[in-house]
Amino acid sequence: MSFFDEQHLARARETVARYPQAKSAILPLAHLAQDQHGWLSPEAIAEIAELTGTTPADVLGTCSFYTMYKRRPCGRLLVSVCTNVTCLVTGGPEVLEHLEDRYALEDDITVEEVECLAACGNAPAMQVNYEFHESLTPSGAEAIVEEYRRGDRTARTISGAPVDA
Amino acid sequence: MPEETRIITRRLRERPDDSWTMAGATAGGTYEVLRDVLRVGDPADVQEQVRLSGLRGRGGAGFPTATKWSFLPEGVYPRYLVVNADEGEPSTFKDRMLIERDPHQLVEGIAVSSFALGCNLAFVYLRGEFGLGYDRLMAAIADARSAGLLGTNIQGSGFDLDIIVHRGAGAYICGEETALIESLEGERGMPRIRPPFPAVAGLYAKPTVVNNVETVSTVPHIVRMGGEEYARLGRDRSTGTRIFSVSGNVVRPGNYEVELGMTFRELIDGLAGGVPDGRAIKFFIPGGASSQWLVGIDEHLDAPLDMDFVQQNFGVMLGSGAVMVFDETVDPVLVAWRLAKFFAHESCGKCTPCREGTGWIEKVLYRMSHGEGRPEDLDLLVSVGGSISPGVVNAPFAQTTICPLGPSAVSAVASLNRYFRDEIEARLGVGVAS
């Protein structure tokens, strides 16, 4: 055991114990690994396999199906912009294009296009580390990302967990 | 002016500042039904009230909830209640609101339903992207446990219940109940062939009921009102209220809880304020991205929000309750392309017609909506769609896939073919000598 630190390991073991079958804990443990490490590394996959009584191939086989698991390092801030139909007709693609251009060369920020975020009442919408931001304009979206960057807003982890003070 | 009928959205509308807290929830009456139900101790009566209410699933399929419950085989334990909180149907945003703003209502619904079904362990499969929803649901469960409303021997009744919140990780297909169960078991979210149905062999091969967030949130209100009283609301077999998520080209997009039977016009023009700047509705999608479309004619706009009526008369569904409105400035082919892109991305890949077909539909719609369409393209789309849903042009149609995702991807194609063939053929230059 070497991937999870003491605190995350304790939570991982608690999580495994709660489920009737240990394999069910693959998804929550992969989120936990990203909380700690920022992405789902091969070391994390190996340790999740050990904790859930499966193989690394099982864990990778499951996790590679799901878009929230990042199997290579990504930015400290993950900006997910919706372009599905309601956002399509209210300016989502323009927000995406602006942020992709703006942050194309910035390693600490990853911009991705995502499917409907269930925020269509205030479209267009995006999430920054799974925090919702709605009724966006291209420049307004950039201003929000910059606030996270400066620390004026507290970002969740890369998997969307709140960061304990 | 039409009005909402607020049952499950009453508390979150009346207490915008604290509806999600234990203090706000209990001040609004939450957990009174649970206490009563546990004091009386008659699970069969809860089931009977749900049967009398006529409640039908609010996730999309509209299957009668009590019937689904009744499929659990007698005497087989453990059995599980799984709440489908993986809201991802494009333009649906009602469950997110219920989770973020009234999580205690959901917890009470889970407890009352679990008691009725004889479940001691319930799961909430929560969409992974719902950061705030996860925080609030976890806090609600912890507070309910502290208050002795979850855990062992709840309120001295002898009934035990624990709830596990299981976060998804970004896969629309996990909203399909057998894919959801696969995902809960730590697998890729790929639908299972039925039978066996989840009620017989679901999670861990045990009897399992999967119900939507709005469905479960409604259960305590049915018990409080009495099933017969609840069934007085609505129209025919579409009883009660539903939350409709109205979005797109309307003045006041948002969630509206209305009595079933209200017309689309009352919902879109009345509650949502209609299309801005006096423009006309060109088309609207009445029940989420998987549904076929309706257009801005009186026959469609004056139709009642009634699951059976719209199915029988127009071959469309109320589905997840998402009403997307598009005005005359919007290109229906572009909307169809974006929906096709969604379904192609979200196809799990298990069934060949869907895995291959959704990709081809997306490619053809892309060129059609980006000025590169060919005269034969609409017929090509209908042909590819027919490989997924034979008879697609005249719903109801068959399907060559395990789950409804593939056929859902064909809904937009069928709608283009039905309502916009002339417009599209003119654009594609059909019949024009080259």
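## The parallel sheet of chain B

Let's start in chain B, where strand S1 (residues 80–85) and strand S4 pair in the parallel sense over five bridges. Please keep in mind that this is a predicted model. Within this pairing, B:Val83 stands opposite B:Asn211 in S4(B).

The two strands belong to an open sheet of four strands with parallel pairing, and the order is S3-S2-S1-S4 (chain B). Strand S3 (162–167) and strand S4 (208–212) of chain B are at the edges, each with a single partner strand, so one side of each has no neighbour in the sheet. On average, neighbouring strands of this sheet are turned by 20 degrees against each other, direction ignored.

## A helix across the sheet

Which strands does H7(B) lie across? The helix lies across S1, strand S2 (121–126), S3 and S4 of chain B, and runs at about 145 degrees to S1(B).

H7(B) has a helical partner too. Two packed helices are described by the angle between their axes and the distance between the axes. For helix H7 (residues 103–117) of chain B and helix H11 (residues 213–225) of chain B, the angle is about 75 degrees and the axes are 8 Å apart. Angles of 65 to 115 degrees count as roughly perpendicular, and H7(B) and H11(B) are therefore roughly perpendicular to each other.

By residue type, the contact of H7(B) with H11(B) divides into eight nonpolar, four polar and one charged.

## The mixed sheet of chain B

Chain B also has an open sheet of five strands, this one with mixed pairing, in the order S8-S7-S11-S9-S10 (chain B). Strand S8 (254–259) and strand S10 (294–295) of chain B take the edge positions with a single partner strand each, so one side of each is left without a neighbour in the sheet.

Strands of a sheet pair through backbone hydrogen bonds, either parallel or antiparallel. Strand S9 (residues 281–285) of chain B and strand S11 (residues 322–327) of chain B run antiparallel and are joined by four bridges. Here B:Ile285 stands opposite B:Met324 in S11(B).

## Chain A at a glance

Now to chain A, whose secondary structure comes to seven helices and four strands. Read from the N terminus on, the elements of chain A run α-α-α-α-β-α-α-β-β-β-α. The chain is divided into domain 1 (6–63) and domain 2 (77–150), and the C-alpha centres of these domains of chain A lie 29 Å apart.

The C-alpha atoms of chain A fill a box of roughly 45 × 30 × 25 Å, taken along the principal axes. Of the 165 residues in chain A, 47% are buried. Among contacts in chain A between residues at least 6 apart in sequence, 62% join residues at least 24 apart.

## Where the chains meet

Methods:
Residues numbered from 1 in each chain as written. Chains lettered and ligands numbered in written order. Predicted model: local features only at pLDDT ≥ 70, side-chain atom pairs only at ≥ 80, totals over all residues. Axes fitted to C-alpha atoms, helices over the stretch in contact; angles between N-to-C directions. Parallel < 35°, antiparallel > 145°, perpendicular 65-115°, else oblique. Nonpolar A, V, L, I, M, F, W, Y, C, P; charged D, E, K, R; others polar. Domains from an automatic or database assignment. Buried ≥ 20, exposed ≤ 12 C-beta atoms within 10 Å, placed from the backbone. Contact = placed C-beta atoms within 7 Å. Pairing = 2+ DSSP bridges.
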